Amino acid sequence: MKRVFLSIALVLPLLLACNKDNGGTDLGAGSSIQKGENFDVAKTYSYVAPENGNQQGGQSQGQNEEQNFITRTCVSTTSDGSFVAWDEDVATKAVGDVIKKYNFRYGTYVVKVNETEEKTVKTLELTVQGEEKPFGALVIESPKEESAQAPSTVSFVPANEQGELPADEQGNIDTTGGVESEIESSAEDSDNPNEAQTNGTWVVQETIAIVRGANFSKPGLDVHAFASWAYETLGIINANDVKEVEGYKVSNLMITDSMLTLCFDNGKFFSSNVDLKNVQSFKIEDFFEKNSKVGEYINGTGKIEFSGDLCVLTIDGAIKGTKATIALTLKRK
């Protein structure tokens, strides 16, 4: 009990500071967090696999006319070797109109570099969590400065049924059967602490919340424990609400240039679009399920600050309509 009150006393001032207008303050001041070694490939990529490229008939919600859509896969990588991937159906008659999003997975990647006189080839071999072999690779080819000016190209090379990536005699990935890919977004500003220091894989050291003047503090992030407290201490939710988030304990949290993803021990996900270029605030809302039970606890406006080797994510949101402020102290995994 003493540890809990001490924790609140130490972190609460920082939590409240996060809610003030930063007014251009250097959020990285005093931070010892370094950007990941793979910051240059920390991007969000997308591709359409051949079997998903056929246009299909479908209707977007709230529209009567038929639309054609394709299934696109997105891969968003962190600077320290993790990634989150998802599939989405994108309408081809209304550019950028995403009809649905589904099938999240996450894992790790390794970077292999091959240099020639003309170009640099970086290969990101992607392996889904719980699988022993890669499901594919992203191959980025960039011309050398002295070569003729040409843009970098990205392709996705799927692994075969045995989980093997096609390679030439030198062991380099053979992109002959690859799929042309695009870079959707990128963590470009290495001087922006939000983009550079935050991008990576984190573990939640502690969850601290203030709801109706009551304080909650526990190691890690266990949504079920938080819900139980909200039910037993405040009575703002019911017993069924508590039961619905049983097992939702965070194993790690990933922050890429465009996504914030909570990975739970039960294999479930919570992902939100984030804009880390905005140092003031960004929205945290469920990316996958509009009626997510976890989304009833993790929602609102997020802000980030740094303290030593910790990153503090503060969320101003609500639980069942009751205002709540939650702070997650994060440490690099």
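**View 1. In strand β14, T261 finds its bridge partner in S271.** This is a predicted model in which local features need pLDDT of at least 70 and side-chain atom pairs count only at pLDDT 80 or more, while totals for chains, interfaces and linings use all residues. Residues are numbered from 1 along each chain as its sequence is written, and side-chain values use heavy atoms, with hydrogens and water left out. Strands β13 and β14 (residues 269-273) run antiparallel and are joined by five bridges. Two strands are said to pair if DSSP finds at least two bridges between them. Strands (E, at least two residues) and helices (H or I, at least four) are DSSP runs, numbered from the N terminus. Four residues separate β13 and β14 in their hairpin, and G267 in the turn has a positive phi of about 85°.

**View 2. On its other pairing, β13 meets strand β12 (residues 250-255) in the antiparallel sense.** Five bridges hold this pairing. One of the contacts to look for is V250, whose bridge partner in β13 is F264. Here too there is a hairpin, with three residues leading from β12 to β13.

**View 3. Strand β13 (residues 259-264) is mostly covered.** Six of its six residues are buried, where buried means under 20% relative accessible area, exposed over 50% and partly exposed in between (1.4 Å probe, protein chains only). Follow the side chains along the strand: M259, T261 and C263 point one way, and L260, L262 and F264 point the other way.

**View 4. Ring pairs join Y47, F83, F135 and F156 into a cluster.** A search of the whole structure finds 11 aromatic pairs. Rings of Phe, Tyr and Trp (its six-membered ring) pair if their centres lie within 6.5 Å; planes under 30 degrees apart count as stacked, over 60 as edge-to-face and the rest as tilted. F135 and F156 make a tilted pair, at 6.0 Å centre to centre with 40° between the planes. F135 lies in the loop between β6 (119-128) and β7 (136-143) and F156 in strand β8 (residues 153-158), so their pair ties together parts that are 21 residues apart in sequence. F156 is buried, with a relative accessible area of 5%.

**View 5. The rings of F226 and W229 are stacked.** Their centres are 5.9 Å apart and their planes lie at 15°, which is why the pair counts as stacked. Both residues sit in helix α3 (residues 223-234), and because they are three residues apart, about one helical turn separates them. F226 and W229 are also both buried.
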